[in-house]
Amino acid sequence: MPVYSEKVMDHFMNPRNVGEIENPDGVGEEGNPVCGDMMTFYIKVADGRLADVKYKTFGCGAAIAVASIVSEMGKGKTLEEVRNITPTMVANELGGLPKNKFHCSNLGAQALNNAIDDYLRKQGKEVKSREVTNHDEEEE
Amino acid sequence: MKSAYLDNQATTPLLPEVLETMLPFFKESFGNAQSLHDWGDAPREALEDARAEVAKLIGGRPEEIIFTASGTEANNFALKGLAQAHQSKGKHVVISAIEHFSVLHSARTLEKWGFEVTLVPVDGYALVDPKDVASAMRKETILVSVMHANGEVGTIQPVAEIAKIVTAAGALFHTDAVATAGTIPIDVAELGVDALSMAANQFYGPKGAGALWLRKGTRIIPLLDGGVQEGGRRAGTENLPAIVGMGKAAEIAKRDIQSRMAKLVGLRDMLLHRLPAAIDHVLVTGHPTQRLPGHASFCIEFIEGESMLMLLSSKGIAASSGSTCTSRALKASHVLTAMGLPAEIVQGSLLFTFGQQITEGDVGYLVEVLPPIVDRLRQMSPLYADFLKGRR
């Protein structure tokens with residue numbers, strides 16, 4: 001099996017917050033089955049914070065673990081705080097990801113961001129789609 | 001915990017009796033087979049005995065066997081060595097789209113060397129149509145390589161039919177028989193091929209031993225220059241323990257091939273029937289009947305291979321997949337893609353390959369363990385949710 005950290009294995013074997021939210025305030029999708037991984041995040045927003053986060057994911061062990069940890073990282077945070085979650089933060093929170101799986105951490109952060117964009121648009125706000133990147137650029 | 005090694009296509013285990021025949025060549029019979037003093041005698045005799053056994057396995061002559069370090073080396077040797085030796089006749093090579101990387105990438109190297117390569121397509125069962133080979137042939141075609149059977153989907157190719165076409169057109173025909181040699185009966189005369197690759201670790205022999213059978217009188221340029229080993233066609237001190245092991249494994253394979261096949265076909269057909277009955281939306285990949293005896297491959301819809309492999313592994317089951325995420329290079333299986341399967345289906349690829357150590361109980365255990373794994377991953381899958389809502 002790929003060499004995953006203990007924390008990745010834990011989140012893969014016991015993913016937190018899996019599922020869909022009925023009547024979500026925002027939905028964000030990222031990835032596609034062609035590249036191998038795909039995530040859909042559902043959010044509920046209350047008082048400018050993520051009151052609830054759920055997701056569905058299609059993909060490898062890393063993708064499932066990323067979706068799970070991102071849901072934990074986002075829950076209870078303000079929208080601005082969630083915007084600041086970078087792929088590196090996600091990977092670090094998981095105790096690291098194998099080099100060729102690092103891109104999975106982008107998917108999670110991006111999908112959650114897309115859900116916030118969707119929420120803001122539904123609020124009638126003008127939102128420019130943004131790409132989640134590392135402040136410290138691509139890690140090698 | 002129960003465990004079942006259902007990945008014999010990656011490698012079979014070494015038979016204990018094969019290991020026993022190898023051990024003296026690590027110890028007292030350590031000599032160099034090329035030495036003229038007494039220490040060279042036992043290794044030299046053992047080398048020639050092994051050559052005879054490997055030749056017998058495929059109906060060839062001992063002097064037509066060139067030992068290599070792997071099936072990959074045999075394939076590299078055939079492609080590069082034959083193309084180089086015959087390039088004065090033309091610089092066109094034909095291979096199928098589903099060849100092993102050792103053939104595919106060798107062909108790419110040939111392109112860099114100025115050869116032209118044509119890829120012949122396959123159908124939905126991964127079968128090569130001999131007519132497509134015929135229409136790919138040109139006046140300047142010198143070499144055609146089509147594998148005997150594909151390790152990923154198990155499909156056995158109509159090699160004899162293809163060989164006739166190639167020979168009539170005046171080109172050489174090589175087949176990668178790594179997945180079949182020692183597993184199903186092979187007779188090079190019946191197949192009508194000029195060169196054939198094999199690997200010992202596919203039939204309960206050791207890793208580090210392979211061979212190219214090359215029809216007597218066929219010119220080839222060596223990959224390795226050096227001494228006179230293997231008739232000057234493969235220089236380097238012979239890996240005696242591995243070669244001796246390959247010889248013993250070939251002898252046993254030849255003796256037991258029918259009973260081994262009967263056992264594997266039973267297990268295979270059991271799984272091919274029981275898995276699609278236990279899980280919805282499962283596709284059997286490869287040909288339903290023209291397939292390797294111990295080979296059952298599937299695509300499980302709406303979920304991805306690596307996560308299935310990880311959950312199977314947590315239940316002690318070893319399997320394999322052609323999904324994007326399982327490959328280190330993050331590329332979906334070129335075999336499943338060439339068969340025309342859509343990308344999201346390819347991601348759900350799952351492959352079980354049986355060996356002699358596997359029992360019906362192991363297959364039963366797999367059929368018991370896999371459905372809840374599939375169900376669990378589907379509950380998480382946005383593709384499955386969309387399917388249930390009728391959006392896909």
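Ground rules. The model is predicted, so local features need pLDDT of at least 70 and side-chain atom pairs count only at pLDDT 80 or more, while totals for chains, interfaces and linings use all residues. Residues are numbered from 1 along each chain as its sequence is written, chains are lettered from A and ligands numbered from 1 in the order in which they are written, and side-chain values use heavy atoms, with hydrogens and water left out.

Chain A. We have five helices and three strands. Helices here are DSSP runs of H or I with at least four residues; strands are runs of E with at least two; numbering starts at the N terminus. The order along the sequence is α-β-β-β-α-α-α-α. The radius of gyration is 14 Å, close to the 14 Å from the globule rule for 140 residues, so chain A is as compact as a globular protein of that length. That radius is taken over C-alpha atoms, and the rule is 2.2 Å times the number of residues to the power 0.38. The C-alpha box, along the principal axes, is roughly 45 × 30 × 30 Å.

How much of chain A is buried? Buried residues are 53% of the 140. The cut-offs for relative accessible area: buried under 20%, exposed over 50%, partly exposed in between, with a 1.4 Å probe and protein chains only. Now contacts, meaning heavy atoms within 4.5 Å. Take pairs in chain A at least 6 apart in sequence: 62% of those contacts join residues at least 24 apart.

Next, the cores. A nonpolar core is a set of buried Ala, Val, Leu, Ile, Met, Phe, Trp, Tyr and Cys residues joined through side-chain atoms within 4.5 Å. The largest has 75 residues. A:F41, B:L271, B:L312, B:F352 and B:L370 have the most contacts inside it. Helix α12 of chain B, residues 360-380, gives the largest share, ten residues. Look at B:F352: beyond four places in sequence, its contacts include B:L6, B:H295, B:A319 and B:L366. A second, separate core has 63 residues, among them B:A50, B:V146, B:L191 and B:L240.

B:D375 sits in helix α12 of chain B. B:D375 is partly exposed, at 42% relative accessible area. B:W39 lies in the loop between α1 (16-22) and α2 (41-58) of chain B. Buried or exposed? B:W39 counts as exposed, at 53% relative accessibility. Leaving out residues up to four places away, B:W39 touches B:F30, B:G31 and B:N32.
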